[in-house]
Amino acid sequence: MQTLLSIIMFGSLFGVLTLSLNLQYARGGMINFGTVAYFAAGAYVYAIVTQEPPEGLDQYLLGLDAPWWAGFLAAGVASMAFAILTGWPTLRLRGEYLALTTFAFAEMLNSLLINERRIGNGTVGLSNVERPDPAALGLPDSYVYAGAAFLLMIATALAFRRLLASPYGRAIDAIRDDETAAQAIGKDISRLRFQVFVISAIPIGFAGALYAMITTLVSPELFSAEVTFLVWIALVLGGERTLVGAMLGTMALIGLQELIRAIPFESVRAAEIAAAGEDIVTGILFIIILRWQPFEALVRRKHAE
């Protein structure tokens with residue numbers, strides 16, 4: 001039962017990231033290899049806003065000791081602000097140039113979090129992160145947070161579905177289908193893509209805040225490039241341009257990883273081998289998918305539609 005709750009909890013959290021990436025790539029035509037940066041921004045800002053002021057051996061400078069709901073809202077704002085900061089100079093690029101630039105921004109943020117200890121204690125991170133006590137609901141923590149993550153994913157999917165079904169969504173689709181024709185009828189392509197980029201970052205920030213609540217820890221090692229690659233694999237696995245596919249692909253991938261972690265091991269060495277095997281299985285799965293639907297073919301087909 002605990003494994004199932006973990007699949008729902010983390011599958012839903014990363015499902016939010018996959019949904020946002022799906023909006024950016026499948027609808028906006030933007031190849032973002034820096035998704036984890038907006039996830040980290042939300043998690044760190046939540047921790048900083050809710051953390052107590054530094055004392056003793058703490059090296060971070062700021063802890064606002066605010067309630068969890070203030071930190072949750074601040075996380076969405078922080079992710080949006082980081083998207084504005086990084087989107088303005090990068091979205092003028094296209095294809096692999098945009099992918100490399102967004103990846104570079106994510107690596108720069110990770111390096112900053114590691115080396116600038118005044119932000120979040122460097123590699124140690126911020127521990128005992130504040131979170132709401134679910135005891136009032138009379139349910140175990142795992143049930144409440146799995147439910148909260150699932151509701152966040154469903155709310156994100158419904159919001160994106162409503163957005164895409166609106167005239168605004170049809171304008172985005174028009175740009176994706178034929179940029180020249182859309183520009184000829186007066187659509188501001190750069191502005192619309194920038195707006196999609198910023199809008200899609202907001203739920204990623206909320207997911208980061210919820211992730212910090214669940215783990216009660218934020219540290220740079222939790223927000224490595226591996227998170228971005230996991231989300232891309234989930235998107236390819238579930239299929240582009242489908243919200244349901246994005247969610248199911250993420251659930252399937254996280255489910256595979258959690259099932260491997262649930263296997264009992266008799267030694268630390270065996271557990272380390274299993275952890276390496278998890279990465280190998282994930283990589284093989286990605287290779288198999290790309291063998292039948294290459295990434296380059298996806299990009300070419302998108303520009304040809």
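## Aromatic cluster and pairs

Phe10, Phe14, Phe39, Tyr44, Tyr211 and Phe223 make up one aromatic cluster in this predicted model. Rings of Phe, Tyr and Trp (its six-membered ring) count as a pair if their centres lie within 6.5 Å; planes under 30 degrees apart are stacked, over 60 edge-to-face, and the rest tilted. The structure holds 13 aromatic pairs. One of them joins Tyr25 and Trp232 edge-to-face, at 5.3 Å centre to centre and 65° between the planes. Tyr25 belongs to helix H1 (residues 2-27) and Trp232 to helix H10 (residues 225-238), so this pair ties together parts that are 207 residues apart in sequence. Helices (H or I, at least four residues) and strands (E, at least two) are DSSP runs, numbered from the N terminus. Tyr25 is buried, at a relative accessible area of 2%, and Trp232 is buried at 4%. Buried means under 20% relative accessible area, exposed over 50%, and partly exposed in between (1.4 Å probe, protein chains only).

Tyr211 and Phe223 also form an edge-to-face pair, with 6.0 Å centre to centre and 75° between the planes. Tyr211 lies in helix H9 and Phe223 in the loop between strand S2 (217-218) and H10, so the pair links parts twelve residues apart in sequence. Both are buried: Tyr211 has a relative accessibility of 9%, and Phe223 has 3%.

## Nonpolar cores

A nonpolar core is a set of buried Ala, Val, Leu, Ile, Met, Phe, Trp, Tyr and Cys residues joined through side-chain atoms within 4.5 Å. The largest has 75 residues, and Phe14, Phe39 and Phe223 have the most contacts inside it. At least two residues each come from H1, H2, H3, H4, H6 (141-165), H9, H10 and H11 (243-261). H9 gives the most, with 13 residues.

Leaving aside neighbours within four places in sequence, Phe39 is in contact (heavy atoms within 4.5 Å) with residues including Phe14, Ile204, Tyr211, Phe223 and Val227. A second, separate core of five residues includes Ala171, Ile175, Ile189 and Leu192.

## Helix H3

Buried residues of H3 include Gly71, Ala75, Ala78, Phe82 and Thr86. Their cover includes helix H2 (35-50), helix H4 (95-115) and helix H9 (189-215).

## Basis of the values

Residues are numbered from 1 along each chain as its sequence is written, and side-chain values use heavy atoms, without hydrogens and water. In this predicted model, local features need pLDDT of at least 70 and side-chain atom pairs count only at pLDDT 80 or more, while totals for chains, interfaces and linings use all residues.
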